Amino acid sequence: MVEDEGKKEEVLTQGKDKEEGEEKSEEMKPWEQHSAVISIPRYDYNATSSLLANSHSGFLITCPIKREKSATKEAIGILEKYIDSDHDAKRRKTCVEDADKECDGARERAANEHVNSESSTSMEKSDILSLVKLTRSGLVLFKFPFDKSPPIADIVSQVFQSLESGILKSPLWCNRILPIQGTCCLDEKELKKIVTKLVGKFMNSRQKETGNTVKFAVGYNRRGIEETEMKNLRKSSSDSDAFALLDRNKCFSVVAAAVKEVVPDSMVDLKNPELSVLVEVLPLSGVPDKTAIVGVSVLPRALVSTKPRLCIKALVSDTKEMNKKKK
């Protein structure tokens, strides 16, 4: 009899613990609920110094404020699939082109790597990406090592295709994924150099599609530096030209000149551009005074939206409706 009462008390205790656990789960923030499944990566605290020294590619993700950790986890789950598939496709192409004994060895190594990758965790698959600490909410920044330059615009394009076909479920927290093809200090010489390089690559890969005349547009986002901060930077700087490119019109003129240097027969078209140059001031943590870093992308029309302003397309078309559902 005593034993039966003990079992009954144990069952009641377990039931109570379960109810408390469920209540706690409901109170937990989204990123806390899945932290036991996938750990959020730590910030790469060497990222800022690396970005100051070298040009990097990566992804800038926009998300609701205070949902950065949820967006980080979600972005890793999305990007890892397409980064891996792109890498595998390149490896297979190289193997086909090299019809010799080394190719046989490459096939065997590729097969072994594929088996190993299947057993690895999500973080191990995407550990090539570093999480960069930012000073603004609603943003998540990943960067590749400076010696890695995957076709990130193609990766984002694959994400859109998968969303349209229904292969990929609509994200809850990631609103937009901007592929950053290169970074540089906010300096006229450096900005012109990187834009010229990226436009040249764009034209080489799409020569037949675009022909000789190109319609282009320029988008500039200073989300990391408010108007008041820009005024303070100009006042505190001993060099009056140090932050001249924070002025929107000045930045537009520098970028447009770089485009025309590569494609002399080109014209601005804000409604239906064949290529769009997007410049983003990155709100990096730990950047020295009087210094700003920008991310630059040269994208085809399929990836951009021109209304109400020029920017990367949203992952979910009706973002307002999605935000209502989240609330």
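**Cavity, pocket and local details**

Modeller: The lining of the largest cavity is made up of L51, H56, S57, G58, L141, K143, I180, T183 and L282. What follows should be read with the reminder that this is a predicted model. The volume of the largest cavity is about 40 Å³, and the structure holds one cavity of 30 Å³ or more.

The open space comes next. The largest pocket holds about 800 Å³ of space, and of the 31 residues that line it, Q181, G182, K197, L198 and K201 are the closest to its centre. Several elements of secondary structure contribute at least two residues each to this lining, namely the helices α3 (47-53), α7 (152-165) and α8 (188-205) together with the strands β5 (182-185) and β9 (293-300). Helix α8 provides the largest share, with eight residues of the pocket lining. Sorted by type, the lining of the largest pocket consists of 15 nonpolar, nine polar and seven charged residues.

One of the helices named above, α7, contains A153. This alanine has a relative accessible area of 13% and is therefore classed as buried, the limit being under 20%. Its C-alpha atom is 8.7 Å from that of V298, although A153 and V298 are 145 residues apart in sequence. With a relative accessible area of 41%, K290 is partly exposed.

Two sets of polar contacts deserve a careful reading. In strand β2 (residues 130-132) there is S130, which is buried at a relative accessible area of 17%, and its side chain is joined to that of D44 by a polar contact of 3.4 Å. The other set belongs to D269, placed in the loop between β7 (266-268) and β8 (275-282). D269 is likewise buried, with a relative accessible area of 17%, and its side chain meets backbone nitrogens: a polar atom of that side chain lies 3.0 Å from the backbone nitrogen of K271, and the backbone nitrogen of N272 also lies 3.0 Å from a polar atom of the D269 side chain.

In the pair formed by Y43 and Y45 the ring centres are 6.2 Å apart and the planes meet at 70 degrees, so the arrangement is edge-to-face, which requires an angle over 60. The tyrosines of this pair fall into separate accessibility classes, since Y43 is partly exposed at 35%, whereas Y45 is exposed at 64%.

As for the cysteines, which of them might be linked? A disulfide is a covalent bond between the sulfur atoms of two cysteines, and the structure holds zero disulfides. For C185 the nearest cysteine sulfur is that of C184, 7.0 Å away, and a disulfide would require sulfur atoms within 2.5 Å. C311 has a relative accessible area of 10% and is buried.

Finally, two points of the backbone call for attention, given that most residues other than glycine have a negative phi, and most peptide bonds are trans. The phi angle of K66 has a positive value, near 75 degrees, in a residue other than glycine; K66 belongs to the loop between β1 (58-62) and α4 (68-97) and is exposed, at 71% relative accessibility. The peptide bond from K307 to P308 is cis, its omega being near 0 degrees, and P308 is located in the loop between β10 (304-305) and β11 (311-312).

Note on methods:
Residues numbered from 1 in each chain as written. Predicted model: local features only at pLDDT ≥ 70, side-chain atom pairs only at ≥ 80, totals over all residues. Heavy atoms only, no water. 1 Å grid on protein atoms, 1.4 Å probe; cavity = no way out; pocket = protein on both sides within 12 Å on 5 of 7 lines; lining within 4 Å. Points joined across faces, edges and corners; volume = space filled by probe spheres on them. Helix = DSSP H or I, 4+ residues; strand = E, 2+ residues; numbered from the N terminus. Nonpolar A, V, L, I, M, F, W, Y, C, P; charged D, E, K, R; others polar. Phe/Tyr/Trp six-rings, centres within 6.5 Å; stacked < 30°, edge-to-face > 60°. Buried < 20%, exposed > 50% of the residue type's maximum accessible area, 1.4 Å probe, protein only. Polar contact = N/O pair within 3.5 Å; in protein donor to acceptor, adjacent residues only side chain to side chain.
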